[in-house]
Amino acid sequence: MADIEKSEPDSTLNGQETGNFQPNTGENSETMLKPWLKNVGKDFYQNEELAQYDSLKDALTNLLKRPKAKDVPESYGEIGKVEEAYRKAGLTADEAKEITAAFSERMPKEKPDLKDYFKDDYGKVTENYRKGVDSFADDALKKAITDSGLDKDPAFVDFVSRVGKETGQNTFEPPKNAAKKDYAQMLVENKTKR
């Protein structure tokens, strides 16, 4: 084994074999996967990743083309599957922030609290909203409004409140030959399908 570890001339560094390469035949000898591996030391003789290459120059050239290791944080500050996906992809904290920012623009924004939105007019608006809903909506439509979250949407509440203010306590009676679904109910149902 001492013969293998001896210094070789520079011509072996470019992947060419020299005349003094001797195969390992002793029982304690390690077999080299490629002859050029004798130039990098016995710790690498059987390294299969290095043995893919025909010379030290090829190995170094290809290994330097690899992406650099990333600094992956312990946590991305996300929950559930998002955290798992970022970790599995091996993203850096900055890469994860970029992706989160891009998707958050597309996510629906939370509606502001109605009390904060209407402030001092909250009581009057909700009273008129109830009048508006009671004037035009049957139980099924009221349920659809609640299930879709429209009763928390300030724009919708403001609109129905204005209707309620104008109609007062009057209720809407559809014509007897009208279709079962009115236009307002179809709008609410379309909103819930999105």
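How exposed is lysine 34, in terms of relative accessibility? Lysine 34 comes out at 23% and counts as partly exposed. The points below take up this residue and others in turn.

1. The structure is a predicted model. The average pLDDT of the protein is 78, and 75% of the residues score at least 70. Residues 1-13 have a pLDDT below 50, although in the model this stretch has 25 contacts beyond near neighbours in sequence. Residues 24-28 also stay under 50, and here the model has 6 contacts beyond four places in sequence. Where pLDDT is low, the predicted coordinates should not be read in detail.

2. Salt bridges, and the pair at lysine 34. Side chains of opposite charge can pair when their charged atoms come close. Searching the whole structure gives 8 salt bridges. One of them joins lysine 34 to aspartate 54, with 3.0 Å between the closest N and O atoms. Both residues lie in the loop between α1 (2-5) and α2 (56-64), and because they are 20 residues apart in sequence, the pair ties together separate parts of the chain. Aspartate 54 is exposed, at 53% relative accessible area, whereas lysine 34 is partly exposed at 23%.

3. Glutamate 83 pairs with arginine 87, and the closest N and O atoms are 3.6 Å apart. Both belong to helix α3 (residues 80-89); they are 4 residues apart, so about one helical turn separates them. What is the burial state of glutamate 83? Glutamate 83 is buried, because its relative accessible area of 13% falls under the 20% limit. Arginine 87, at 35%, is partly exposed.

4. Aspartate 134 and lysine 142. The side chains of these two residues also meet in a salt bridge, at 2.9 Å from N to O. Aspartate 134 is partly exposed, with a relative accessible area of 44%. Lysine 142 is partly exposed as well, with a value of 27%.

5. Aromatic pairs. A pair of aromatic rings is described by the distance of the centres and the angle of the planes. The search of the whole structure finds 2 such pairs. In one, the rings of tyrosine 76 and tyrosine 86 have centres 5.4 Å apart and planes at 80 degrees, so the arrangement is edge-to-face. Tyrosine 76 sits in the loop between α2 and α3 and tyrosine 86 in helix α3, so this pair ties together parts that are 10 residues apart in sequence. Tyrosine 117 is partly exposed at 47% relative accessibility, while phenylalanine 118 is buried, with a relative accessible area of 11%.

6. A nonpolar patch on the surface. Which residues form it? Tyr183, Met186 and Leu187 make up the patch, and together they have about 330 Å² of accessible area. Tyrosine 183 is found in helix α9, which covers residues 183-193. The relative accessible area of tyrosine 183 is 60%, and the residue is exposed.

7. Aspartate 153. Where does this residue lie? Aspartate 153 is placed in the loop between α7 (139-148) and α8 (154-167). Its relative accessibility is 15%, and it counts as buried. Apart from neighbours within four places in sequence, aspartate 153 is in contact with Lys111 and Leu114.

8. Leucine 63. This residue lies in helix α2. Leucine 63 is partly exposed, with a relative accessible area of 27%. Setting aside neighbours within four places in sequence, its contacts are Glu49, Leu50 and Tyr53. Leucine 63 and leucine 50 are 13 residues apart in sequence, and 9.2 Å lie between their C-alpha atoms.

Definitions and conventions:
Residues are numbered from 1 along each chain as its sequence is written. Side-chain values use heavy atoms; hydrogens and water are left out. A salt bridge is a side-chain nitrogen of Lys or Arg within 4 Å of a carboxyl oxygen of Asp or Glu. Helices (H or I, at least four residues) and strands (E, at least two) are DSSP runs, numbered from the N terminus. Buried means under 20% relative accessible area, exposed over 50%, partly exposed in between (1.4 Å probe, protein chains only). Patches are made of residues with over 30% relative accessible area and no salt bridge: like charges are joined within 9 Å, nonpolar side chains (Val, Leu, Ile, Met, Phe, Trp, Tyr) within 5 Å. Accessible areas come from the Shrake-Rupley method with a 1.4 Å probe; for residues, only the protein chains shown count as cover. Rings of Phe, Tyr and Trp (its six-membered ring) pair if their centres lie within 6.5 Å; planes under 30 degrees apart count as stacked, over 60 as edge-to-face and the rest as tilted. Contact means heavy atoms within 4.5 Å. pLDDT is the predictor's confidence in each residue, from 0 to 100.
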